Amino acid sequence: NTLCKFLDRPQEEILGKRPLDFLDAKNTAIMKEQLKRRDAGETGVYEIAFNRPDGTKVLCLLHATPLYDKNGKKTGAFALISDITQNKKMEEELIIARNKAEAANRAKSDFLANMSHEFRTPLNVILGMAEALQEEVYGSLNDRQIRSLRTVEESGRHLLTLINDVLDFSKIEAGKLDMESVDFQLEDTLDNISTLVGIKTQEKGLELLFKTDASVPTALVGDPLRLGQILINLSNNAVKFTEAGEIVISTELVKKDKAQVILKFSVRDTGVGMTSEQGAKLFQPFMQADSSTTRKYGGTGLGLTISKRLAEMMGGEIWVESNSGQGSTFGFTANFGLGKEKARRRFVPSPDLRGMKVLVVDDNATSRVI
């Protein structure tokens, strides 16, 4: 009865017939190939389309396995046929829906990536005018007016940061973010990080330290802007979630050959830390450690996602090691070409100091180690 429903035929049209009698040339070839495999003792699972009287086809999933007697002699085959027409239709509809969603997402990403200039330009003008106005009329304003101007500037800079995150993410999604390959000095990039992040650490009374292994080459070929972007993202996050202690930015050599080098960067803080469950969410778009993070600290939840994509574009990976209440360490690797080394200033002690004991004095233990 079930087969009659599959084929939309009465029993008298089915009894005494072979499955091959209800197949077109293409599906006949599929079944004959499967029958050969059955004769060889193989079990098969495959899709086959049977003909109906009205010219339509019913798509079935066929499970077939050879049967043997107790002596190991093949006696026939067992087959199980399932009508998967509806399943296939749903699958095709899902594929169409997915393709439409992906096309819409690409259109959105393309739009935002192309709007980059239009968003940033007027906001930069607002920031520039607010800064210029503060300098021009500073002496003639009362405290309330000065605070208002500073609020305009600070809010504008915060908005620019959010817009930059969204636009960079959209550029990555649209495949329009290109990596440069230029000669640069690593110490210049780290100096820039020191300047930008140092202001924030000073405001919060935190110590900002840099630890760069002597084996790390400083003349590199790659994209210093994107490397700096990752380090700034990680460092700003570290400052945001740290109320006391230190931020340590480290650079280590992982691997080096004649033309290329793999470096490992890490940013360690003494902040709030997080659980492993919270850490697992961090690199997903628009996700933060928990729902209260955005309300308390702000941000788009895109900084780490962008950092992850940029690290991958530089041939590396990114990760986090953290415990709740014990701080966090964000690390990432990146590949660079080797540039031409400039003469480096080295502070070499006099040979007369060999064998002498040295006292290193600093109020910070990490600084003493460095």
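**Helix α3**

I started with E102 and R98, which sit four residues apart in helix α3 (residues 85-114), so about one helical turn separates them. This is a predicted model, and I read everything below with that in mind. I looked up the contact itself: E102 and R98 form a salt bridge, with the closest N and O atoms 4.0 Å apart. Then I checked how open the two ends are. E102 comes out as partly exposed at 37% relative accessibility, and R98 is partly exposed too, at 47%.

**Other salt bridges**

How many salt bridges does a search of the whole structure find? I got nine.

I picked K308 next. K308 pairs with E312 in a salt bridge, 2.7 Å between the closest N and O atoms. These two are also four residues apart, this time in helix α10, which puts about one helical turn between them. K308 is partly exposed, with a relative accessible area of 27%. E312 is partly exposed as well, at 40%.

Then I went to R268 and E246, whose side chains meet in a salt bridge at 2.8 Å, N to O. R268 belongs to strand β8 and E246 to strand β7, so this pair ties together parts that are 22 residues apart in sequence. Is E246 buried or exposed? I found E246 buried, at 9% relative accessible area. R268 counts as partly exposed, with 29%.

I jotted down the general point here: side chains of opposite charge can pair when their charged atoms come close.

**The core**

I wanted to know what the inside is built from. The largest nonpolar core holds 38 residues, and L231, F332 and F336 have the most contacts inside it. Several elements supply at least two residues each to this core: the helices α5 (143-173), α6 (186-204), α7 (224-240) and α10 (303-313), plus the strands β7 (246-256), β8 (260-269) and β10. Which element gives the most? I noted α7, with six residues. As a rule, nonpolar side chains in soluble globular proteins tend to be buried together.

I went back to α10 and listed its buried residues: G303, L304, T305, I306, S307, L310 and A311.

**Just past α10**

Just after α10, G315 takes a positive phi of about 75°. G315 sits in the loop between α10 and β9 (318-322), and counts as partly exposed at 49% relative accessibility. I also took a distance from there: G315 and N335 are 20 residues apart in sequence, yet 5.6 Å apart in space, C-alpha to C-alpha.

Which residue has a positive phi although it is not a glycine? I landed on D8, with a phi of about 55°. For context, most residues other than glycine have a negative phi. D8 is found in the loop between α1 (2-7) and α2 (25-39), and is partly exposed, with a relative accessible area of 48%.

**Surface patches**

I looked for charge first. E187, D188, D191 and E341 gather in a patch of negative charge on the surface. E341 comes from the loop between β10 (328-338) and α11 (365-369). Its relative accessible area is 37%, so I logged E341 as partly exposed.

Next I checked for nonpolar side chains on the outside. L67, F78 and L80 form a nonpolar patch on the surface, with about 280 Å² of accessible area together. L80 lies in strand β3 (residues 74-83) and is partly exposed at 45% relative accessibility.

Last entry. P53 lies in the loop between β1 (44-51) and β2 (57-68). P53 is exposed, with 53% relative accessible area. I took the distance from P53 to T161: they are 108 residues apart in sequence and 66 Å apart in space, C-alpha to C-alpha.

Notes. Residues are numbered from 1 along each chain as its sequence is written. This is a predicted model: local features need pLDDT of at least 70, side-chain atom pairs count only at pLDDT 80 or more; totals for chains, interfaces and linings use all residues. Side-chain values use heavy atoms; hydrogens and water are left out. Patches are made of residues with over 30% relative accessible area and no salt bridge: like charges are joined within 9 Å, nonpolar side chains (Val, Leu, Ile, Met, Phe, Trp, Tyr) within 5 Å. Accessible areas come from the Shrake-Rupley method with a 1.4 Å probe; for residues, only the protein chains shown count as cover. Lys and Arg count as positive and Asp and Glu as negative; His and the chain ends are not counted. The place of a charge is taken as NZ of Lys, CZ of Arg, CG of Asp or CD of Glu. Buried means under 20% relative accessible area, exposed over 50%, partly exposed in between (1.4 Å probe, protein chains only). A nonpolar core is a set of buried Ala, Val, Leu, Ile, Met, Phe, Trp, Tyr and Cys residues joined through side-chain atoms within 4.5 Å.
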